Amino acid sequence: PAYQPNNHIRIITAASLFDGHDAAINVMRRIIQASGAEVIHLGHNRSVKEIVDCAIQEDAQAIAITSYQGGHNEYFKYMFDLLKEQGCGHIRIFGGGGGVILPSEIDELHNYGIARIYSPDDGRELGLQGMINDLLEKSDFPTGKDISLEESKLISKNAKHL
């Protein structure tokens, strides 16, 4: 069964720069949509800046990327850094690479701050819907229009209300 979100969830999906392999992200985005989240799909061969700009402009909770091109460590880390520089470190990053991303690299990316890199073992263990449920659960938090503007919380500089 699909995860039932508590908030409106918006996910940006794409395949990374120099990567024309978009079949996997196309399947995943359709399952994300069928599970109740809004998806803004940018297609394949997308730069970090394009994806980050879109995620910020669209007030997304998460970005989901496939990367089969081999430059995944730099790509994901640069995305994380750019989001943080833009004051949007709350946007979660998810990815996969069909076995191209090695287990040691997955650990390195998780330790860097990437929310989750899914491996073929995750697919076998969780299944497609299980991976989507994990992504949705980790992305289920209010942003933008879903945040209340209580004066006392604004005055106290509560980050979720600024």
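**A walk through the helices of a predicted model**

Let's start with helix H1, residues 23-34, and a quick check on its length. At 1.5 Å a residue, the 12 residues of H1 should span 16 Å, and the C-alpha atoms at its ends are 17 Å apart, so the two values agree.

The protein chain has 6 helices and 5 strands. In what order do the elements run from the N terminus on? They go β-α-β-α-β-α-β-α-β-α-α. Of the 162 residues in the chain, 44% are buried. And if you take contacts between residues at least 6 apart in sequence, 71% of them join residues at least 24 apart.

Back to H1, then. Which of its residues are buried? They are Ile25, Asn26, Met28, Arg29, Ile31 and Ile32. These buried residues of H1 pack against strands E1, E2 and E3, and also against helix H5, residues 120-138. After H1 comes Gly36, with a positive phi near 105°.

Met131 sits in helix H5, and since its relative accessibility is 8%, Met131 counts as buried. Met131 and Met28 are 103 residues apart along the chain, yet their C-alpha atoms are separated by 9.1 Å. Leaving aside residues up to four places away in sequence, what does Met131 touch? Its contacts are Met28, Tyr118, Asp122, Gly123 and Leu126.

Next stop, helix H2, residues 48-57. Its buried residues are Val48, Ile51, Val52, Cys54 and Ala55. Why do they end up on the same side of H2? Because they cover an arc of only 160° around the axis. What covers these buried residues includes strand E1 (10-15), strand E2 (38-41), strand E3 (62-66) and helix H3.

The loops on either side of H2 deserve a look too. As a reminder, most residues other than glycine have a negative phi. Asn45, in the loop between E2 and H2, has a positive phi of about 60° although it is not a glycine. Its relative accessible area is 38%, so Asn45 is partly exposed. With a relative accessible area of 26%, Asp59 is partly exposed.

Last, let's see how two helices meet. The axes of H3, residues 72-85, and H4, residues 103-112, come within 10 Å and cross at roughly 10°. Angles under 35 degrees count as roughly parallel, so H3 is roughly parallel to H4. Which residues make the contact? From H3 we have His72, Asn73, Phe76, Lys77, Phe80 and Asp81, and from H4 there are Glu105, Glu108, Leu109 and Tyr112. By type, the residues of this contact divide into 4 nonpolar, 2 polar and 4 charged.

Definitions and conventions. Residues are numbered from 1 along each chain as its sequence is written. This is a predicted model: local features need pLDDT of at least 70, side-chain atom pairs count only at pLDDT 80 or more; totals for chains, interfaces and linings use all residues. Side-chain values use heavy atoms; hydrogens and water are left out. Axes are lines fitted to C-alpha atoms, for helices over the stretch in contact, and angles run from 0 to 180 degrees between N-to-C directions. Helices (H or I, at least four residues) and strands (E, at least two) are DSSP runs, numbered from the N terminus. Angles under 35 degrees count as roughly parallel, over 145 as roughly antiparallel, 65 to 115 as roughly perpendicular and the rest as oblique. Contact means heavy atoms within 4.5 Å. Ala, Val, Leu, Ile, Met, Phe, Trp, Tyr, Cys and Pro count as nonpolar, Asp, Glu, Lys and Arg as charged, and the others, Gly among them, as polar. Buried means under 20% relative accessible area, exposed over 50%, partly exposed in between (1.4 Å probe, protein chains only). The arc is that of the directions from the helix axis to the C-beta atoms. The expected span of a helix is 1.5 Å times one less than its number of residues.
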